[in-house]
Amino acid sequence: MREAIALSVENVQDNGGPFGAVIVKNGEIIARGVNRVTANNDPTAHAEVSAIRAAAAKLGTFDLSGCEIFTSCEPCPMCLGAIYWAHLDKIYYGNTKADAARIGFDDSFIYQELEKPFDKRSIKTTQILAEEAIDGFKAWEEKTDKMEY
C-alpha cells in the first residue's frame, strides 16, 4: 500500500492525478499504475486500469486471478468494473470516495446515473439496430473454439 501511496504523491509532481495502484502476486509487485488522464488525454487512464493493463501484459493473460490490487483511493465505478473483469482476488484502498470528492474527484453522479432508467439519464441512450446487432452474439454462441472470459 505504501508503494501505491508513494506513486500517487509522485504522480502529482509529474502533472498527473493523485492516484497510484500496484498489483501484487505471491507477495511481489508485478505492476504499477498512476493516473495519467490529463497527461495522456485519456479519460480511462486511471491508476487501477493502468496497473491492470501492465499486469495483464506482464503475465500474458487477461485473467488476473491470484493477484491483489493496492490502490491509493477507493476505486471509481470504471476501475471497480475493470477490477471485477480482471478477476483480481482482493482490493486494498487508502482514501475513500468521499475523500476524493472533497478534492474535486466526485464520481457519485455515475452511481446515481446507473440507478436511473435510460430515458432519465443525462446522456441519452437509445437502442438501435438490435435485430442486426444480435448477429455478433449469435456468431459467438456458435463459435466452437472461443476463449471464454
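## Salt bridges

Arg 102 and Asp 99 join their side chains in a salt bridge, 2.2 Å from N to O. The term requires a side-chain nitrogen of Lys or Arg within 4 Å of a carboxyl oxygen of Asp or Glu. Both residues sit in helix H5 (residues 97-102), 3 residues apart, about one turn of the helix. Helices (H or I, at least four residues) and strands (E, at least two) are DSSP runs, numbered from the N terminus. Arg 102 is exposed at 61% relative accessibility, while Asp 99 is partly exposed at 26%. Here buried means under 20% relative accessible area, exposed over 50%, and partly exposed in between (1.4 Å probe, protein chains only).

The whole structure holds 5 salt bridges. One of them links Arg 32 to Glu 3, with the closest N and O atoms 2.9 Å apart. Arg 32 belongs to strand S2 and Glu 3 to helix H1, so this pair ties together parts 29 residues apart in sequence. Arg 32 is partly exposed at 44%, and Glu 3 is partly exposed at 29%. Asp 145 and Lys 143 form another salt bridge, their closest N and O atoms being 2.8 Å apart. Asp 145 is exposed at 58%; Lys 143 is partly exposed at 37%.

## Basis of the model

This is a predicted model: local features need pLDDT of at least 70, side-chain atom pairs count only at pLDDT 80 or more, and totals for chains, interfaces and linings use all residues. Residues are numbered from 1 along each chain as its sequence is written, and side-chain values use heavy atoms, leaving out hydrogens and water.

## Strand pairing

Strand S1 (residues 20-25) is mostly covered, with 5 of its 6 residues buried. S1 pairs with strand S2 (residues 28-34) in the antiparallel sense over 6 bridges. Pairing requires at least two DSSP bridges between two strands. Gly 20 faces Val 34 of S2. The S1-S2 hairpin has 2 residues between the strands, and Asn 26 there takes a positive phi near 50°.

S1 also pairs with strand S3 (residues 67-73), again antiparallel, over 5 bridges. Ile 23 has Ile 69 as its bridge partner in S3.

## A buried asparagine

Which residues does Asn 11 touch, not counting those up to four places away in sequence? They are Gly 16, Gly 17, Phe 19, Val 34, Asn 35 and Arg 36. Contact means heavy atoms within 4.5 Å. Asn 11 lies in helix H1 (residues 2-13). Its relative accessible area is 3%, so Asn 11 counts as buried.

## Cysteines

The search of the whole structure finds 0 disulfides. Cys 76 is in none; its nearest cysteine sulfur, that of Cys 79, is 3.7 Å away. The cut-off for a disulfide is two cysteine sulfur atoms within 2.5 Å. Cys 76 is buried at 12% relative accessibility, and Cys 79 is buried at 1%.

## Surface

Phe 62, Trp 85, Trp 140, Met 147 and Tyr 149 make up a nonpolar surface patch, with about 670 Å² of accessible area together. Patch members have over 30% relative accessible area and no salt bridge; like charges are joined within 9 Å, nonpolar side chains (Val, Leu, Ile, Met, Phe, Trp, Tyr) within 5 Å. Areas come from the Shrake-Rupley method with a 1.4 Å probe; for residues, only the protein chains shown count as cover. Trp 85 lies in helix H4 (residues 77-86) and is exposed at 61%.

Thr 144 follows helix H7 (130-142). Thr 144 is exposed at 80%.
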